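Subject: The model we talked about

Hi,

Here is the structure I promised to pass on. Have a look at it first, and then read on for what turned up.

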Amino acid sequence: MSVRIYVPCDSAALAVGADAVAAAIVREAARRGLDIDLVRNGTRGLLWLEPLVEVATPAGRAGFGPVDAADVGALFDAGFIDGANTHPLALGPVERIPYLARQQRVTFARIGITDPLSLDDYRAHGGFAGLENALALPAADIVAAVTASGLRGRGGAAFPTGVKWNTVLQAPGADKYVVCNADEGDSGTFADRIVMESDPYMLIEGMAIAALAVGAARGYLYVRSEYPHAIAQLQAAIGQARAAGYLGADVLGSGRTVELEVRKGAGAYICGEETALLESLEGKRGIVRSKPPLPALAGLFGQPTAINNVLSFAAVPLILAKGAGYYRDYGMGRSRGTLPVQLAGNVRRGGLIELAFGATLREILYDYGGGSASGRPIKAVQVGGPLGAYLPESQWDTPLDYEAFADRWAVLGHGGIVVHDDTADMGRLARHAMAFCAAESCGKCTPCRIGATRGVETIDKILDPDAPAPQRERQVTLLRDLCDTMLYGSLCAMGGMTPYPVLSALNHFPQDFSQADMPRPGRL
Amino acid sequence: MQAPLSPAAADTVAAAVLARHDGRQDQLLPALHALQDAIGFIAPARVPAIARHFNLSRAEVHGVLTFYHHFRAEAPARCRVTLCRAEACRSMGADRLLAHAQRTLGCDLHGRSADGSVSLDPVYCLGQCANAPAMTLDDAVFARVTPARFDALLAHALEADRPAPTHPGGPSFLPEAV
Ligand SMILES: Cc1cc2nc3c(=O)[nH]c(=O)nc-3n(C[C@H](O)[C@H](O)[C@H](O)COP(=O)(O)O)c2cc1C
Ligand code: SF4
Ligand code: FES
């Protein structure tokens, strides 16, 4: 009987040599006359262990990692295909690795276990049950279920998904659309990418349910061009889902039409902002639109459009399969369900951690992350992408909850956490935030377009070691003033939130801006 | 990287690509992607034909082309390197990696090596932030990149008979020795 061996095909595994490992395993097995069945699964999200090779044994799946192609001969010598646990890379049963065992995998329950493109695998693990239930419901009931689940958009703004869908459902319009925001440009985020690469049918199912809920027949997935592997995987999955009747002119014989199409971005961070994304889909420069009108009323091609993040759509199949209460029972306060935390940067065990809202940042950093990768003390943690605040140690007991973060003048955003050790220079990082805003600004409004460029110049003057202290202090006052203008005068969160990383760095780490103490008026 | 097309061949390919996209404006970005994938870049001289096809002004097409970082107006280098410059990669030595790349290639970001064979550009996040620092080489992505691994990947890519990746993004062509 052949032994089943898993080697992930997620780009996180590919980027550290998974293809070479898979090839070496096939070659070595052939050389030894061993019968194996190699499956390319998705990633478990234990990214520091990639490539994470698993062997199916009677006692469950045994893990080995991170495996290099050069390790493969020794793994066979150690009897790894019989589940022997003696090789130094042996991790034991994967499901019992504490990092994974302690998570609350809801959206990511299937991810890493299945072959991402196998429809049989997807169905065997509960796939399409939500879509089948949704097909039997009136649109308003689907929307009601999503509303009752308490799901809030996972793309950053945390707006209730059910409320948005209800607006689209009620809006008059000849054509309605669903649009998936898969632009994921934030540093430290990769959960969308993992969903697209490692469980694409879940996203397809979520979008199909959304289309039924709002009365749309067509949907677009706008994926950033930096994710070619995700694009290829989605296109393959859409083709197979369509051939199997889950998409197309007659979804599962219901007479309902749902067509999905992948559109590739072209390297512009601002196209993650929903209205800029719509402009880009329409073939224009990605310039932010003034709201109102909301995209829910006048979105793509002027029609009512439900635009949501990948993780928002991905949460929906389960809500329809298991009921709103199942999802709502996870979480705290007004943050219901689970948050796929993405832990990255200078940390020993970086990866994807799905947890009910409410865990603290410190738990994530140490219990999951194991502290810094460099072994040096952690200094600052940026949460919520390049527009998120830097949190100093005094704030690491903050629970992961939208409101708790807002109270500390920080944001959860898309759940990305980037760790910096004590060698980080917060002055340089503040400058980077401004420079990023200047480079990626859509240019529509003055506070952001001009302000970010002036911000870089001002920070340069502050960081100039030859400038006398009083002069630098004047520049700090100017920088705070400028941040105020950007905060309150920008049309969208690109200019409106760049002050978060800049001011939090300045406030919590003033020593990195000068040898002398800087003035620190107020909370900002 | 494919061999550059002759100007006449590029014109034929471009006409065929445009013919595959109807003239609705929302087809503009897919058409530009297809053009760049087929020819390697979108020369300014091609803008009038694109504008005619989509019934847009040349200024509008130029505006779109220059708004997006992805599109190139000149033939790409034989080997395209992008280094991630975003926060997670910075926390893990992206600055040191950049300095190494600059020394090795003898050029700055947005530049090319002296013989023109390698281009060096910044990118902001490749979704590999847990295994930083990350880079791409042509269409393949690499993570946990050390200066030594950078050198080995580049040397491999510059070998004349390197097999091309089978489809954009993956499977990667990481040589076993690296
Ligand atoms: C500058 C900027 C970048 C953004 N980038 C993204 C992104 O990459 N992905 C995303 O889903 N939302 C992003 N957003 C938020 C979207 O505008 C929008 O709120 C979201 O797509 C709505 O979906 P949700 O309700 O499911 O979160 C961004 C917003 C701004 C202002
Ligand atoms: S804040 Fe910046 S990105 Fe947003 S609309 Fe204004 S110029 Fe454009
Ligand atoms: S920050 Fe470099 S890959 Fe995300």
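**What was found**

Ligand 2 sits in the largest cavity. Please keep in mind as you read that this is a predicted model.

**Around ligand 2**

Which residues come closest to ligand 2? They are A:C442, A:K444, A:C445, A:C448 and A:C492, out of 13 residues that surround the ligand. If you colour the shell around ligand 2 by class, you will find eight nonpolar residues, four polar ones and one charged residue.

**Around ligand 1**

The other ligand has a setting of its own to look at. The space that ligand 1 takes up is the second largest pocket. Its surroundings comprise 19 residues, and the closest are A:G155, A:N181, A:N308, A:N309 and A:S312. By class, the shell around ligand 1 holds five nonpolar, eight polar and six charged residues.

For A:N308, an N or O atom of the side chain is 2.8 Å from an oxygen atom of the ligand. A:N309 has a polar side-chain atom that lies 2.8 Å from an oxygen atom of ligand 1. In the case of A:K164, the distance between an N or O atom of the side chain and an oxygen atom of ligand 1 is 3.0 Å. As for cover, ligand 1 on its own has 610 Å² of accessible area, and the protein covers 91% of it.

**How the chains are divided**

In chain A, the assignment gives domain 1 (3–98), domain 2 (119–328), domain 3 (331–421) and domain 4 (426–513). Taken over C-alpha atoms, the centres of domain 1 and domain 4 of chain A are separated by 47 Å.

Chain B has domain 1 (7–67) and domain 2 (79–161). How far apart do the C-alpha centres of domain 1 and domain 2 of chain B lie? The distance is 29 Å.

**Some backbone details**

A:P66 belongs to the loop between β4 (60–64) and α3 (72–77) of chain A. In chain B, a cis peptide bond joins B:A132 and B:P133, and omega is about -5°. The loop that holds B:P133 runs between β3 (118–123) and β4 (135–137) of chain B.

You will find A:W409 in the loop between α16 (402–407) and β16 (416–421) of chain A.

Happy browsing, and do write back with any questions.

Best wishes

Technical notes
Residues numbered from 1 in each chain as written. Chains lettered and ligands numbered in written order. Predicted model: local features only at pLDDT ≥ 70, side-chain atom pairs only at ≥ 80, totals over all residues. Heavy atoms only, no water. Domains from an automatic or database assignment. Near = heavy atom within 4 Å. Polar contact = N/O pair within 3.5 Å; in protein donor to acceptor, adjacent residues only side chain to side chain. Areas by Shrake-Rupley, 256 points an atom, 1.4 Å probe, with all protein chains shown as cover. 1 Å grid on protein atoms, 1.4 Å probe; cavity = no way out; pocket = protein on both sides within 12 Å on 5 of 7 lines; lining within 4 Å. Sits in = over half its atoms within 2 Å of the grid points. Nonpolar A, V, L, I, M, F, W, Y, C, P; charged D, E, K, R; others polar. Helix = DSSP H or I, 4+ residues; strand = E, 2+ residues; numbered from the N terminus.
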